[in-house]
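How do the helices and domains of this model pack against each other? The report below takes the helix pairs, then the domain interface, then the salt bridges.

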Amino acid sequence: MKKLIQLFVTVFLVSFVLMFIVHRLNTSEGLTSGNTITVFNWGDYIDPDLIKRFEKETGIKVIYETFDSNEAMLTKIEQGGVSYDVAVPSEYTIEKMIQEDLLIKLDHSKIPNLSNIDPRFMDMDFDPGNQYSVPYFWGTVGIVYNKKMLDGMTFESWNDLWDKRLKNQIVLVDGAREVMGFGLNSLNYSLNDTNKAHLLEAKKKLEKLQPNIKAIVGDEIKMLMVNEEAPVAVVWSGDAAEIMWENENLDYVVPKEGSNLWFDNFVIPKTAKNVEGAHKFINFMLDAEVAAQNTEYVGYATPNKAAMALLPEETVKDERFYPSPEKTARLEVYKNLGKRMLAYYNELYLEFKMHTK
Ligand code: N2P
């Protein structure tokens, strides 16, 4: 009997100690429910120190995942396998997600730092009144090129990319809308064109560019350009800005026919498990000093006016990356073209990509 009691006490004590350890581990890792958020963002699109700082300041653990296109992000959210608390789609995808009832309405009283955002970037057509989204970064698509390697060549038109001297020299950002978009723009069509004959014409024209294409990649573009492994690339503006800090031979232009103007915003998907934590994260990222640090790290243009005041003048006055409203007026924001048309864009792009090395 004595042995039985001893055994009983030992089992009780061991389980108590185990339970205590598991509890401690959970809380110190922030794993207790309600104390974690899952953030879904583009690759290379945040200063990782800021995630650590947010975790430290709030006790909320951040699970961080990345994507490389709006389409890939949307598919994952629609599948619903992971419950994302914060995501960062671009405008045409936000419009689509609102229509498909995939987002929750934001509680502006929990995002007081929203007042830091330049009104120029608020209340846009894709989300009137910012009911579902708040601005994170914005920019354009253009050509970054190495003045030294190309000795004297300049790029004013998208058509300059088809120059025979550029055989095997061009790197393209791997995006269906981006590549189809500049194909269309090079023919003076809109990058939101839905005329199938125009789209086919653009795809045929892009096929003629194939001999000049060295690679179609994602964030690797930056390394290839900084290391001078390629002299020309079609990129998002912020990637150009970032690599231009590292290599002074590079310059960035938005071709004269026009191009894409885009806005990436924070949203909270309907599947979110920690809506309170998601609001806290968004508000933290909109803090002036945090946004300024993030902008310096990421290289993209911030819509945060209070952060701009903390950044060097030469950064925020650089019209290549902070184009004025007059300059952006001639650019086009992607429209939500509907499921079928978007699938057609993707299909043409994939056919083009398949036949490019
Ligand atoms: C950064 C991705 C930029 C996204 N790597 C452009 N919408």
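Helix α8 (residues 237-246) and helix α10 (residues 288-298) have axes that come within 8 Å and cross at roughly 75°. The two helices are therefore roughly perpendicular to each other, a label for angles of 65 to 115 degrees. G238, E242 and W245 of α8 make the contact with T295, E296, Y297 and V298 of α10; contact means heavy atoms within 4.5 Å. By class, this contact has three nonpolar, two polar and two charged residues. Ala, Val, Leu, Ile, Met, Phe, Trp, Tyr, Cys and Pro count as nonpolar, Asp, Glu, Lys and Arg as charged, and the others, Gly among them, as polar.

This is a predicted model: local features need pLDDT of at least 70, side-chain atom pairs count only at pLDDT 80 or more, and totals for chains, interfaces and linings use all residues. Residues are numbered from 1 along each chain as its sequence is written, and side-chain values use heavy atoms, with hydrogens and water left out. Helices are DSSP runs (H or I, at least four residues), numbered from the N terminus. Axes are lines fitted to C-alpha atoms over the stretch in contact, and angles run from 0 to 180 degrees between N-to-C directions.

| Helix pair | Axis distance | Crossing angle |
|---|---|---|
| α8 and α10 | within 8 Å | roughly 75° |
| α5 and α14 | within 9 Å | roughly 85° |

Helices α5 and α14 are therefore roughly perpendicular to each other. From α5 come A176, R177, V179, M180 and L184; from α14 come L342, Y345, N346, L348, Y349 and F352. That contact has nine nonpolar, one polar and one charged residues.

Next, the domains. An automatic or database assignment sets the bounds: domain 1 is 32-132 + 263-316, and domain 2 is 139-260 + 331-354. Their C-alpha centres lie 26 Å apart. Domain 1 gives 19 residues to the contact and domain 2 gives 16 residues. The buried area is about 1,500 Å², with 56% from carbon and sulfur atoms. Buried area is the accessible area (1.4 Å probe) lost on putting two parts together, summed over both. In domain 1, Y92, K96 and Y300 lose the most area to domain 2, together 36% of what that side buries.

The structure holds 20 salt bridges (a side-chain nitrogen of Lys or Arg within 4 Å of a carboxyl oxygen of Asp or Glu). Two cross the interface of domain 1 and domain 2. K339 and E100 meet in a salt bridge at 3.8 Å, N to O. E351 pairs with K203, closest N and O atoms 2.8 Å apart. This pair links distant parts of the chain, 148 residues apart: E351 in helix α14 and K203 in helix α6 (residues 196-209).

Terms used. Parallel < 35°, antiparallel > 145°, perpendicular 65-115°, else oblique.
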